[in-house]
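Student: I would like to learn how to read strands, rings and cores in a model. Can we start with the strands?

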Amino acid sequence: MMTKSVLTAAVLCFASLVAILATPALAHHSFGHYDMTKIAEIEGTVHRYEWSNPHCWLFVDVASANGAQVTYGFELSSVGEMLRRGWKKTSVKYGERIKVKFRPMVDGTPAGLLVSAEKDGTALGDGRALR
């Protein structure tokens, strides 16, 4: 039979293991690299749309102020969440014009967390903001 001290040690070891293993999952779901206080907007051409888990991605080519092309990358939700929000694998296609609202990166890189998008003046999905 286990003594109280052995049982206590086992419980503490288990709790420590759970805490250590949970840390990467929490970091993965952090929005710390996005400026969640701002919403920016760009308009451009769809470069690529990745319908995949754990997150879908949308890449949009935008002309910069000096005329050079800049590709923005936007993190979206999982495939399941995108389906619940009315998005489909075919919602956007290469070469289509699109307007995107997003939470910009804190460091200013051309990327962000997609909030909403519209094509031909119509909101994609069911129109609800993703974040």
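This is a predicted model: local features need pLDDT of at least 70, side-chain atom pairs count only at pLDDT 80 or more; totals for chains, interfaces and linings use all residues.

Student: How many bridges join S4 to S5, and do they run parallel or antiparallel?

Tutor: S4 and S5 are joined by 6 bridges and run antiparallel. They form a hairpin, with 6 residues between the two strands. In that turn, Gly108 has a positive phi of about 85 degrees.

Student: Which strand, joined by 2 bridges, runs antiparallel to S5?

Tutor: Strand S6, residues 122-123. Here Glu118 stands opposite Ala123. The hairpin of S5 and S6 has 2 residues between the strands, and Asp120 takes a positive phi near 55 degrees.

Student: Which strand runs parallel to S3?

Tutor: That is S5, residues 111-119, joined to S3 by 3 bridges. Gly73 stands opposite Ala111, and Phe74 stands opposite Gly112.

Student: Is S5 mostly covered or mostly open?

Tutor: Mostly covered. Of the 9 residues in S5, 7 are buried.

Student: How do S2 and S3 run, parallel or antiparallel?

Tutor: Antiparallel, with 7 bridges between S2 (residues 57-63) and S3 (residues 69-75). Trp57 in this pairing stands opposite Glu75 in S3. Their hairpin has 5 residues between the strands, and Gly67 takes a positive phi near 95 degrees.

Student: What pattern does the protein follow along the sequence?

Tutor: Read in order, the pattern is α-β-β-β-α-β-β-β. That gives 2 helices and 6 strands.

Student: Now the rings. What describes a pair of aromatic rings?

Tutor: The distance of the centres and the angle of the planes. With centres within 6.5 Å as the cut-off, the count here is 6 aromatic pairs. Take Tyr72 and Phe74: their ring centres are 6.0 Å apart and their planes lie at 10 degrees, so this pair is stacked. Both residues are buried.

Student: Which residues do ring pairs link into a cluster?

Tutor: Tyr49, Trp51 and Trp87. Trp51 is found in the loop between S1 and S2. Its contacts beyond four places in sequence are Cys56, Val79, Met82, Leu83, Trp87, Lys88 and Lys89. Look at Lys88 again. It is 37 residues from Trp51 along the chain, yet their C-alpha atoms are separated by 8.4 Å.

Student: Which residue lies over the face of Phe59?

Tutor: Arg48, at 4.2 Å from the ring centre.

Student: What tends to happen to nonpolar side chains in soluble globular proteins?

Tutor: They tend to be buried together. In this model, the largest nonpolar core has 21 residues. Leu58, Phe74, Leu76, Trp87, Ile98, Val100 and Leu114 touch the most other members. At least two residues of this core come from each of S1 (40-50), S2, S3, helix H2 (79-84), S4 (97-104) and S5.

Student: What does Val100 touch, not counting residues up to four places away in sequence?

Tutor: Ala40, Glu41, Ile42, Leu58, Val60, Phe74, Leu114, Ser116 and Ala117. Find Phe74 in that list. Phe74 is also the stacked partner of Tyr72.

Student: And for the protein overall, what share of residues counts as buried?

Tutor: The share is 31% of 131 residues. The accessible surface is about 8200 Å², and 61% of it belongs to carbon and sulfur atoms. Among contacts between residues at least 6 apart in sequence, 57% join residues at least 24 apart.

Key:
Residues are numbered from 1 along each chain as its sequence is written. Side-chain values use heavy atoms; hydrogens and water are left out. Rings of Phe, Tyr and Trp (its six-membered ring) pair if their centres lie within 6.5 Å; planes under 30 degrees apart count as stacked, over 60 as edge-to-face and the rest as tilted. Buried means under 20% relative accessible area, exposed over 50%, partly exposed in between (1.4 Å probe, protein chains only). A charge sits over a ring if NZ of Lys or CZ of Arg is within 6 Å of the ring centre and within 35 degrees of the ring normal. Two strands pair if DSSP finds at least two bridges between them. Helices (H or I, at least four residues) and strands (E, at least two) are DSSP runs, numbered from the N terminus. A nonpolar core is a set of buried Ala, Val, Leu, Ile, Met, Phe, Trp, Tyr and Cys residues joined through side-chain atoms within 4.5 Å. Contact means heavy atoms within 4.5 Å. Accessible areas come from the Shrake-Rupley method with a 1.4 Å probe; for residues, only the protein chains shown count as cover.
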